[in-house]
Amino acid sequence: MHKENTIAHNISLKPYNTFGIDVDAKNFITVSSVSKLKEVLSLEEYPEKFILGGGSNMLLTKSVEALVIQLNLRGKEILEKDEDYTYIKVQAGENWHEFVLWAIDNNLGGIENLSLIPGNVGTAPIQNIGAYGVELKDVFYSCEALNTKTLETKVFSKEACEFGYRDSYFKNNKGLYIITSVTFKLKSEPKNINISYGAIESELEKQNITTPSIKDVSDAVISIRKSKLPDPKELGNSGSFFKNPIISDADFKELQQKNPAVPHYIVSSSEIKIPAGWLIEQCGFKGKRFGDAGVHKNQALVLVNYGNATGEEIWNLALKIQKSVKEKFGITIEPEVNIY
């Protein structure tokens with residue numbers, strides 16, 4: 001195994017991406033401090049840099065020529081606590097789900113609905129991760145990010161992050177900043193727990209839980225996710241591959257006329273969200289396999305690597321699905337995953 005803080009060469013990235021794609025990094029380094037990160041970003045002999053977090057939201061379709069910098073910044077610190085809220089600063093390299101479990105163990109509420117989402121804390125704001133009626137922005141206070149050009153650290157408020165649905169300032173300005181830590185505003189005494197999402201309610205009913213704790217909600221979410229989504233350790237995947245498309249009310253009415261059973265969620269008075277998984281399933285892709293690239297049998301939104309699929313094979317399957325949905329429904333579904 002290569003040593004931390006030293007550059008290694010021709011390293012397979014298979015263990016570093018949840019799709020399990022076997023491509024090489026020509027040059028690879030793990031950094032465990034912001035000062036080391038600044039030093040590595042300054043290396044002129046490697047003009048191109050590739051930042052690697054938890055590897056859970058990317059599809060590698062070719063070897064990486066750039067210097068791959070794996071962020072291994074660790075640590076959690078409670079900054080302030082009162083009877084309502086606890087402000088906690090978490091380093092970017094912490095595993096997201098482990099942080100959620102830690103918060104639950106410490107009776108800090110707000111992120112229990114985001115249990116079992118793969119990836120690291122530092123990449124969570126980029127996507128504004130969300131699940132079961134909660135988004136990261138609901139618990140976000142601020143983050144520290146390093147400007148890759150000036151190497152200066154800037155603090156971003158919630159407003160400055162420009163959060164949208166699976167969207168943020170960082171996503172729209174790729175490569176400009178590296179998030180090094182995130183400060184969360186969690187509930188000190190969790191009340192008003194969010195169980196509005198139907199699947200959570202029915203899971204709790206199954207277990208005869210009427211007044212759920214945050215741990216009950218987390219357990220329910222974990223149980224639902226495990227029943228629908230494959231474990232990346234067993235079957236390579238990146239969770240939801242496509243974003244749920246948001247269409248205009250007029251387009252929705254037209255869609256509903258032809259497909260009365262179309263599931264949907266009202267976003268605003270003029271916008272409707274359609275589950276991409278349903279669209280993909282209607283096109284006949286659920287459970288289909290093309291060599292080692294496939295669509296998961298329980299959730300059509302998840303593309304999987306059955307063993308030795310290349311990133312290119314998975315991307316070709318994604319393009320085929322995209323084309324099919326566009327032809328059948330006139331809707332363009334966009335990848336949620338970053339393609340390299």
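Student: What is the strand order in the open sheet of 4 strands?
Tutor: In this predicted model, the order is S13-S19-S18-S17, and the pairing is antiparallel.

Student: Which strands stand at the edges there?
Tutor: Strand S13 (236-240) and strand S17 (289-290) do. Each has a single partner strand, so one side of each has no neighbour in the sheet.

Student: How many bridges join S13 to S19?
Tutor: 3 bridges, with S13 and strand S19 (residues 302-305) running antiparallel. Within that pair, Ser240 is opposite Val302 in S19.

Student: Other sheet now. What is the order in the open sheet of 3 strands?
Tutor: S14-S16-S15, with antiparallel pairing.

Student: Why is one side of S14 and of S15 left without a neighbour in that sheet?
Tutor: Because strand S14 (246-248) and strand S15 (265-266) are at the edges, each with a single partner strand.

Student: Over how many bridges do S15 and S16 pair?
Tutor: 2 bridges, in the antiparallel sense; S16 covers residues 271-273. Ile266 sits opposite Ile272 in S16.

Student: Which strands does helix H7 lie across?
Tutor: S14 and S16. Helix H7 spans residues 249-258 and runs at about 95° to S14.

Student: Changing topic: where is Asn192?
Tutor: Asn192 is in the loop that links strand S12 (177-187) and helix H5 (198-206).

Student: Is Asn192 buried or exposed?
Tutor: Exposed, because its relative accessible area is 72%, and the cut-off for exposed is over 50%.

Student: And what separates the C-alpha atoms of Asn192 and Gly109?
Tutor: 9.6 Å, with the two residues 83 residues apart along the chain.

Terms used
Residues are numbered from 1 along each chain as its sequence is written. This is a predicted model: local features need pLDDT of at least 70, side-chain atom pairs count only at pLDDT 80 or more; totals for chains, interfaces and linings use all residues. Side-chain values use heavy atoms; hydrogens and water are left out. Buried means under 20% relative accessible area, exposed over 50%, partly exposed in between (1.4 Å probe, protein chains only). Two strands pair if DSSP finds at least two bridges between them. Contact means heavy atoms within 4.5 Å. Axes are lines fitted to C-alpha atoms, for helices over the stretch in contact, and angles run from 0 to 180 degrees between N-to-C directions.
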